[in-house]
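This briefing goes through one protein chain, topic by topic. Please look at the sequence and the structure before reading on.

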Amino acid sequence: MSTRRAILLGGGAAMLLAGCSGAQKPERANDVAGLEAALLALGPDVDRAEAARAARLAYAVSDDLRREYQITDAPLVHNTKVNIGLKPRGLCYHWARDIQTRMTQAGFATLQFNGVVANAENPFWLEHSSAVVHLRGGAWQDGIVLDPWRTGGYLHWAKVREDTKYPWKLRSDVPIRKEGASLRTARANP
């Protein structure tokens, strides 16, 4: 079977399986305030104004990227469209890099943003990437995952230690894989 045919068949199956699980826009009331409170809870050194600005910006960036990526479907359906060339971007690592970049560019003094990845070394699970915000100079494991990919472009956030769906690791600590190659010891770019 040709690669293109396999991709199309796999994409069709993914669309059938995910077609009924389209992304639902979560309630926005109190969401920004909830994220702001969680950011403040990272420690007494988090600046109140920065926590408020970061919470608003995280939601705004997610909304902007959802429009830029032309998200209209559930995550796995959108991934299929990206992989066969129907959509330009929107894979989880696109979300992770773009959120991390835009949040970092905002110049926060008390908050830091990094990339995280899960299942990179597990051949049975799909790799997943996201961004994490944490106290500048603090442990990323004490931070908050910012992951709009899993909810079709609407910001999902959770404390890293409570986000049991994924076994997160810092992106820079995970060996990267070249297409068709086995894991290698080179470090991924943060």
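In which sense do β1 and strand β5 pair, and over how many bridges? The pairing of β1 with β5 (residues 168-170) is antiparallel and runs over three bridges. The model is a predicted one. The points below set this pair in the context of the chain.

**The chain overall**

- The chain contains five helices and seven strands.
- Read from the N terminus, the order of elements is α-α-α-α-α-β-β-β-β-β-β-β.
- The chain has 190 residues, and 44% of them are buried.
- Of the contacts between residues at least 6 apart in sequence, 53% join residues at least 24 apart.
- The accessible surface is about 10600 Å², and carbon and sulfur atoms account for 53% of that surface.

**The sheet**

- Strands of a sheet pair through backbone hydrogen bonds, and the pairing can be parallel or antiparallel.
- Here five strands make an open sheet with antiparallel pairing, in the order β4-β3-β2-β1-β5.
- β4 and β5 are the edge strands, since each of them pairs on one side only.
- From one strand to the next, the twist averages 40°.

**Strand β1 and its partners**

- Strand β1 covers residues 111-118, and seven of its eight residues are buried, so the strand is largely enclosed by the rest of the structure.
- β1 runs antiparallel to β2, and eight bridges join the two.
- In this pairing, Leu111 stands opposite Leu135 of β2.
- On the pairing with β5, Val116 has Leu170 as its bridge partner.

- β2 and β3 run antiparallel and are joined by three bridges.
- Val133 has Ile144 in β3 as its bridge partner.
- Helix α5 (residues 92-105) packs on the sheet, where it touches β1, β2 and β3.
- The direction of α5 makes about 25° with that of β2.

**Helix α2**

- Helix α2 spans residues 31-40, and its buried residues include Asp31, Leu35, Ala38 and Leu39.
- Viewed down the axis of α2, the buried residues fall within an arc of 100°, so they line one face of the helix.
- An α-helix has 3.6 residues a turn, so residues three or four places apart point the same way.
- What do the buried residues of α2 pack against? They pack against helix α3 (48-68) and against the strands β2 (128-135), β3 (144-146) and β4 (157-159).

Methods
Residues numbered from 1 in each chain as written. Predicted model: local features only at pLDDT ≥ 70, side-chain atom pairs only at ≥ 80, totals over all residues. Heavy atoms only, no water. Helix = DSSP H or I, 4+ residues; strand = E, 2+ residues; numbered from the N terminus. Buried < 20%, exposed > 50% of the residue type's maximum accessible area, 1.4 Å probe, protein only. Contact = heavy atoms within 4.5 Å. Areas by Shrake-Rupley, 256 points an atom, 1.4 Å probe, with all protein chains shown as cover. Arc of directions from axis to C-beta. Pairing = 2+ DSSP bridges. Axes fitted to C-alpha atoms, helices over the stretch in contact; angles between N-to-C directions.
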